[in-house]
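Hi there,

Here is the structure I promised to pass on to you. Please open it alongside this email, and my notes follow below.

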Amino acid sequence: MLTQASPNLLTKFREGGDCTVNSGGSCVSASTMAGPTINDSSMSPSVCSSTISAQPTPPSDVQRCGPKKRERVIKRIFWGIEVAEELKWRGWELGKETTRNLVLKNLSSKIQRIKYRPPKTKFFFTAIPQPVFLSPGITFTIPIVFRPLEKKEYLDQMWFEKEEGTFTVSLRAILPCHKLVCPPSLQLPMCAIGDTVEAWFCLENVGDLTTFFTWELPSPFQIFPTTGLLEPGLACRMKVVFQPFVAVVHEVEAICSYGKDSRQKSSIQLQAIGKCAQLLVSIRHKRSEDKDTEGPQKVLHFGPVSVGSIAERQIRLHNPSSVNAPFRIEMVSDTLSKEQAFSCSKSYGIVPPGERKCVSVFFHPKTLDSKTVEYFSILPAGCASQTLLQVVGFCRGPVVSLQHYCVNFSWVKLGEQSEQTLWIENQSRCLAHFQFIIDCQESVFNISPTFGTLVGKVRLTLHCTFQPKHPNIYFRRVACLIHHQDPLFLDLIGTCHSETIKPVILKPRHLTWYRTHQVRGLVSYPPDILTAMLREKKLARDANGALMLPNEGTENAPALQFPGIPPMTEFFFDGTSDMTIFPPVVHVEPAEVDFGACPGPETPNPIPLCLLNHTKGKISVVWTRRSNCPFWVTPDTFDVPPLKSMALRLHFQPPSPNSLYAVELEAFAVYKALWKYSNIEEDCTVSPPWCLKVQVRGHSYNAVSEHRIPQYALDTPKLFPAVPSGESSYRSLLLENKGSDLLTFNLTPKSSSDITLRPTSGIIAPGAHQIFMISTHPKGTSWKQHLFYLQFNFYPQYLKEVSMQSREEPVQLKLDTCKSIYFKPTWVGCSSTSPFTFRNPTRLPLEFEWRISQEHLKTLTVQPSKGIVHPNESLTLSWIFSPLEQTKYLYRVGMWVWEAGRNLNTKPQSATHYMIRLVGMGTTASLAAKVKELDFGNVLVNSRQSRDLVLLNEGNCTISYRLVLEQTSPEGLEHDLPGT
């Protein structure tokens, strides 16, 4: 392809000066030395090179060829007269006259007399010759006219006479020709294998024609541009790129073809040396748990790091060689995890000769209470060996606890309030966000602050207030959600007395008995029935005072006790949905109501509610209502007979237009018999009230009104935590209101049905936050995507899509062999070792144990025989074979693998079994000397003589040996020794 050389590479020659390179370089016709152009920032991640720019047009800051004269006129001096040695005519045309001036200058200190004769041919002519007298320093110009008649070269002379002698000046008219000139050689600097250096030289067109050129040169050199069109008097900067693949001296010839049919040639000798670069990897600020010994693998420990934070450590790369050491840092592809917790500040770079460069490695964990292991491969360019860097870190979450988990307000008079304090403490150094799930404005209980942030090692005082509106007994179990931690639960109990109604005083022991009665199926019976059954011996009391059936409490039928329920399970299976641990005996339907748009002026139609009483006693229900609340239930107090239901109406009256409303309405249902403490004969029959909650929301925006634009930040992970088969996975999310207005949210119906989000709706004050808990029950070992949508401010366009993935983690290991291990032939009585490596590809820590039969323990052992392999971790074991006799050994050994921390005996079906085959051979061998005798000949006293002793292993196994030299004197020698 014919290309015009870039104007940036071309330079016009002019009179005076050589072709020079700015900034101190030079374009000369002798051998040229070139230094490498190094630009670390220009490297590509896929090519480890110090210079990769290979474009025909150099950047603006590249050195350029400067101006040079078109043709240098050579002058000579004859007896004090300076004159040109030759006059040339270029670019002439047939039939046209061309004039050039011949200048004579007197350089002497006296007057010179000169005569001259005109050219002999008719093609060159001048004025009639006359004697010329030149004073000192004066010049004289003789115009010479050239008139060609045919297209060929012309040659003539002009003769000059002086008293001292004669001299001539040649006259030459030449035809236009192609002529390109370049330096004869170019020495490039040393370059590492896989790296790239570049150098520049000038290609000059000293001919008369525009010339097309083409370069040809062998690998590992490249030249740019490879083709071009160069006008007369211009020079083109050529870039030579050297990228060696072997460490040898490279010397090649680059040939430039130009002219008619590319018959003319110019060449330049290119010389360069390829070398192997070295890169030594070490750990900066080494800790005791780090592994920084010599070898192909390093271990970098981060220790415990708080979730959501970033920890940094550094490795040091040292280049002891004399060339640049380009490198790449990559995650090992076989160990890439779904959610990477480690990253590197540089994925590629260059370490100059003799220098050191520090590279940062970051750990930003997201999975709580887990040890994370990943691998980085540090790859130097060329033939240098790579270094495997194992990075290990542990994710630490907040540790939040409450001073008490039950606040007892005892009893208060109607119209009064009671206040108590307790503290919430973060025992970890990790930042903790907390939130109590209670609408304090619509509840008889108040917790202040309801939400907040705890920095590490901080304790915050909470103020709890009890202000009832009706005489009743009150109990509410409030969940305290903590981002990156299981929820906590706080029991709030209190009793309100009036002048006429004095309910029984609720105490913490009643809650303990109630939970035991739940397990034993007694909570649906009112106190009067339980008292009668206790009197009739149909019920008995256990050691803790709780009720039980008479036939329970024996060794054959132990009484049921309330189980330890995990906090996440209790939070999600609380009976407000289809998932529940204990079926609710009193509940209200629906538990969530959306009025939608109610702009007015008409009052919205009430929404029916239904309260169901599944107990065998009459209950009284009291709704808590704030005077200025836009939502309320009618009737607010009523009784419900046993096993009956009650129809209610939920009302909404927005007080102002273009506003958002969301509240949690609260009601307490209690056995009617508990309203008078005199009705209670047995204290163990007292049952706490049931707290009923209804989430209600609505807004007063018109259809054409624009809702407030939400400003929020949502912290959502990509993956659910790892769980084995048959278990649920839980995770927390954090939503922060960054705006100055209220922010409402609700989960849309088109969200995935296989996830559960709590709470599903609510309102967030400016500057506040909302903590969500989300759960799923993974099925299958393939990754499944879950999508759910949060709508903000009741506006369909304000929709946030959240995507998470989950799967069952299989209990399996990835073995690096084909389940067969072969030992080399081993001498009987000795041992040989064979390594065995496996990796944990799952996200669960796995425990393993090798089980070798008793009869094989004397000849086969493994170290370690059991242990824990963490997620993504590779572990290398050592099998030791110690044969006892000369025979072939064949073993089959099993390895059991199960989730770490589980008891294998309680759930053996969850374990995975691997069988491997080991083959070894016990053998014997002999050691012999190649020669039976070593003759040292005559040796001068006090001198030394050495001979080589060659030992031959005539067997097929490795032999350990020890040489013992026994020295004896020949017979009769002791009689010749002095002193004998």
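**What I found**

The chain has an average pLDDT of 86, and 90% of its residues score at least 70; pLDDT is the predictor's confidence in each residue, from 0 to 100. Over residues 1–69 the pLDDT is below 50, yet this stretch has 170 contacts in the model beyond near neighbours in sequence (a contact means heavy atoms within 4.5 Å).

Two notes on how to read the rest. This is a predicted model, in which local features need pLDDT of at least 70 and side-chain atom pairs count only at pLDDT 80 or more, while totals for chains, interfaces and linings use all residues. Residues are numbered from 1 along each chain as its sequence is written, and side-chain values use heavy atoms, with hydrogens and water left out.

**Salt bridges**

The whole structure holds 33 salt bridges (a side-chain nitrogen of Lys or Arg within 4 Å of a carboxyl oxygen of Asp or Glu). In one of them, E86 meets R172 at 2.7 Å, N to O. This pair links distant parts of the chain, since E86 is in strand 5 (residues 86–89) and R172 in strand 12 (residues 166–173), 86 residues apart. Strands (E, at least two residues) and helices (H or I, at least four) are DSSP runs, numbered from the N terminus.

D594 and R697 also form a salt bridge, at 3.6 Å, N to O. D594 sits in strand 44 (residues 592–597) and R697 in strand 51 (residues 690–699), 103 residues apart. Buried or exposed, what is R697? R697 is buried, at 9% relative accessible area, whereas D594 is partly exposed, at 39%. Here buried means under 20% relative accessible area, exposed over 50%, and partly exposed in between (1.4 Å probe, protein chains only).

**Around F489**

F489 lies in strand 40 (residues 485–497) and counts as buried, with 12% relative accessibility. Leaving aside neighbours within four places in sequence, its contacts include Y405, P567, R477 and E570. R477 and E570 belong to a network of salt bridges together with D491 and R515.

**A nonpolar patch**

L927, V931, L934, F936, V939, L949, Y961 and L963 form a nonpolar surface patch with about 710 Å² of accessible area together. Patches are made of residues with over 30% relative accessible area and no salt bridge: like charges are joined within 9 Å, nonpolar side chains (Val, Leu, Ile, Met, Phe, Trp, Tyr) within 5 Å. Accessible areas come from the Shrake-Rupley method with a 1.4 Å probe; for residues, only the protein chains shown count as cover. Y961 is exposed, at 52%, in the loop between strand 71 (951–953) and helix 4 (973–976).

Happy exploring!
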